[in-house]
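This briefing is intended for a reader who has the coordinates open alongside the text. It takes up the annotated site, the sheets, and the ring interactions in turn.

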Amino acid sequence: MEREVVEACPNELFIGGKWQAAAGGKTLAVEDPATGTTLCEVADASPADGVAALDAAVAAQADWAATAPRERGEILRRTYELMTERADELALLMTLEMGKPVAESKGEIAYAAEFFRWFAEEAVRIDGGYQVAPNGQGRFLVMRQPVGPCLLITPWNFPAAMGARKIGPAVAAGCTMVMKPASQTPLSMLKLAELMTEAGLPAGVLNVITTSDSGGVMEPLIRDGRARKLSFTGSTQVGRKLIEQSAEQVLRTSMELGGNAPLLVFADADLDKAVDGAMLAKMRNGGEACTAANRIYVQTPLMDEFATRLAERMAALTVGRGTEEGVDVGPLIDAAQRDKVKDLVDDAITQGARVLTGASVAEGNGYFYPPTVLADVPRTARLQKEEIFGPVAPLTAFETEEEAVRMANDTEYGLVSYLFTNDLTRALRVSERLETGMIGLNQGIVSNPAAPFGGVKQSGLGREGGSTGIDEYLELKYVAINVD
Ligand code: NAP
């Protein structure tokens, strides 16, 4: 079954509605992180292939913008249906290239499909306005039009959902695209392109390029001037560089960047809910999520009980190959990521953190790291500042609300925070003071296609999903009307 799913996946570039090899026939290997072995080879695009993809997107833009919103919506709706029908196959493919357990991959397929359903409904709700000027003498007509060809770049941790969150609104708005998925997980996106073609997406609207030279291929497209927008999900470090490149042609940018989420547990919280929430916020995607709780701050009276229960739950998780029955946590994406997690944990231990569970890397193939809970983590530990991107829960006690808010906000990131309290006034007061774009209040998950996802500070610009998600792909045009 595994081999069949990989063999059934396209492995070429998708440009102008045609599957084609990279110029010069170069390929790049896709690895199974659970074994370290090669799954397959996909086309390795050159800068010239990138330009060909942009040519195709530019050529398709005018006709696509003129396509009826209902038709665009129906293509998205059919994509949702096809993804739902083929969820098992898509989930297995995702697990093979990314490592997460199949049950989690199915969850991501459902989440990704939901973006298509949501934006199918948004496509036919693009409205405008007509207004009498304040002095009564003129009229304002406001219309919303597609931005134009878009460049989309996505990371490896959610190989389908991060793309769906961009392609859904771009298709709904009437934009064409060049999509570049992460080189480590290109298969889910290639499969999605095939599926969208089956759903009726016209040639040239979505072009997908895979490459081992992401900077070399994408920078000329960003600087080209014909693309009008860049939407990027990935690290803050790369995001900053892309904002700089986008400045040359003054591209519209949407940036979904890194996170360093705090999770605050106040002494008045419901302990069961707090432990459940922490497990979800920490362990979704094995901790390889921008929304992962990285810094868990617990008010002193609850700390011992919370730490014991969290450590028990983490120790009970089964680590293994994501395709196997009963596995809760798969491998990390590669050796570098596993070594980084190990270094961060070692640094915290050297600085005085106590290991409640985990922290020992097993020998063998694949990039596994055990679920780990660290107590008494000092504020100076590196993992209080740097994204962990692994199954490590660092606990630190706090005394007062003031101290908790100060620690939570002490980061350049501002994507999401989690807050557990049964005191309504505290919940509102602290929510207002937390410097993040999203807050999970007594729950450990915020992602929902119908809600505006995004961060403040160095976690990004713009919002994806929700009723404003489509605005990222639309320009306002205003006509001043003389009615005399
Ligand atoms: P990354 O290294 O920034 O890569 C993200 C994407 O950018 C990949 O497709 C990568 O291609 C490409 N890329 C890298 N350098 C580039 C360049 N110079 N020019 C153009 N493209 C370039 O991030 P990652 O390690 O894949 O993903 C993890 C990061 O994503 C974390 O920081 C996480 O917090 C963030 N993230 C944020 C959100 C959010 O919604 N805020 C969601 C998910 C993940 P290659 O694969 O070829 O390197």
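In which strand is Glu256 found? Glu256 is found in strand E11, residues 252–256, where helices (H or I, at least four residues) and strands (E, at least two) are DSSP runs numbered from the N terminus. The model is predicted, so local features need pLDDT of at least 70 and side-chain atom pairs count only at pLDDT 80 or more, while totals for chains, interfaces and linings use all residues. Residues are numbered from 1 along each chain as its sequence is written, and side-chain values use heavy atoms, with hydrogens and water left out.

**Annotation and the annotated site**

- An unreviewed UniProt entry places the feature "domain: Aldehyde dehydrogenase" at residues 19–479; UniProt positions are given in the numbering used here, feature names are shortened, and annotations may be inferred rather than shown by experiment.
- The span 19–479 is 40% helix and 20% strand, and its end C-alpha atoms lie 42 Å apart.
- The unreviewed UniProt entry also places the feature "active site" at Glu256.
- Glu256 has a relative accessible area of 3% and is therefore buried (buried means under 20% relative accessible area, exposed over 50%, partly exposed in between, with a 1.4 Å probe and protein chains only).
- Not counting residues up to four places away in sequence, the residues that Glu256 touches include Arg165, Phe232, Thr233, Leu415, Phe453, Arg463 and Glu464; contact means heavy atoms within 4.5 Å.

**The seven-stranded sheet**

- An open sheet of 7 strands has the order E14-E15-E16-E13-E12-E17-E18, with mixed pairing; two strands pair if DSSP finds at least two bridges between them.
- Strand E14 (354–357) and strand E18 (438–441) each have a single partner strand, so one side of each is left without a neighbour in the sheet.
- On average, neighbouring strands of this sheet are turned by 25° against each other, direction ignored; axes are lines fitted to C-alpha atoms, for helices over the stretch in contact, and angles run from 0 to 180 degrees between N-to-C directions.
- Strands of a sheet pair through backbone hydrogen bonds, either parallel or antiparallel.
- E14 and E15 are joined in the antiparallel sense over 3 bridges, with Val373 in E15 as the bridge partner of Thr357.
- E15 and E16 pair in the parallel sense, also over 3 bridges, and Val373 stands opposite Ala393 in E16.
- Strand E13 (residues 293–299) and strand E16 (residues 392–398) are parallel partners over 4 bridges, and the bridge partner of Tyr297 in E16 is Thr396.
- Helix H13 (residues 401–409) packs on the sheet and touches strand E12 (261–265), E13 and E16; its direction makes about 145° with that of E16.
- Helix H12 (residues 335–350) lies across E14, strand E15 (372–375) and E16, running at about 25° to E15.
- In a regular strand the side chains alternate between the two faces of the sheet.
- In E15, Thr372 and Leu374 point one way and Val373 and Ala375 the other way, and all are buried.

**The three-stranded sheet**

- A further open sheet contains 3 strands in the order E5-E6-E20, and the pairing is antiparallel.
- Strand E5 (129–132) and strand E20 (474–482) are its edge strands, each pairing on one side only.
- Neighbouring strands of this sheet are turned by 20° against each other on average, direction ignored.
- Strand E6 (residues 138–146) and E20 run antiparallel and are joined by 9 bridges; Val142 has Tyr478 as its bridge partner in E20.

**Ring interactions**

- The whole structure contains 5 aromatic pairs; rings of Phe, Tyr and Trp (its six-membered ring) pair if their centres lie within 6.5 Å, and planes under 30 degrees apart count as stacked, over 60 as edge-to-face and the rest as tilted.
- The rings of Phe140 and Tyr478 are edge-to-face, because their planes stand at 90°, with centres 5.3 Å apart.
- This pair links Phe140 in strand E6 to Tyr478 in strand E20, 338 residues apart.
- Phe140 counts as partly exposed at 22% relative accessibility.
- Phe266 and Phe398 form an edge-to-face pair, 5.2 Å centre to centre with 75° between the planes.
- Phe266 lies in the loop between E12 and helix H10 (271–283), and Phe398 lies in strand E16, 132 residues apart.
- Phe266 is buried at 0% relative accessibility, and Phe398 is buried with a relative accessible area of 1%.
- Lys229 lies over the face of Tyr473, at 5.1 Å from the ring centre; a charge sits over a ring if NZ of Lys or CZ of Arg is within 6 Å of the ring centre and within 35 degrees of the ring normal.
- The charged end of Arg284 sits over the ring of Tyr111, 5.6 Å from its centre.
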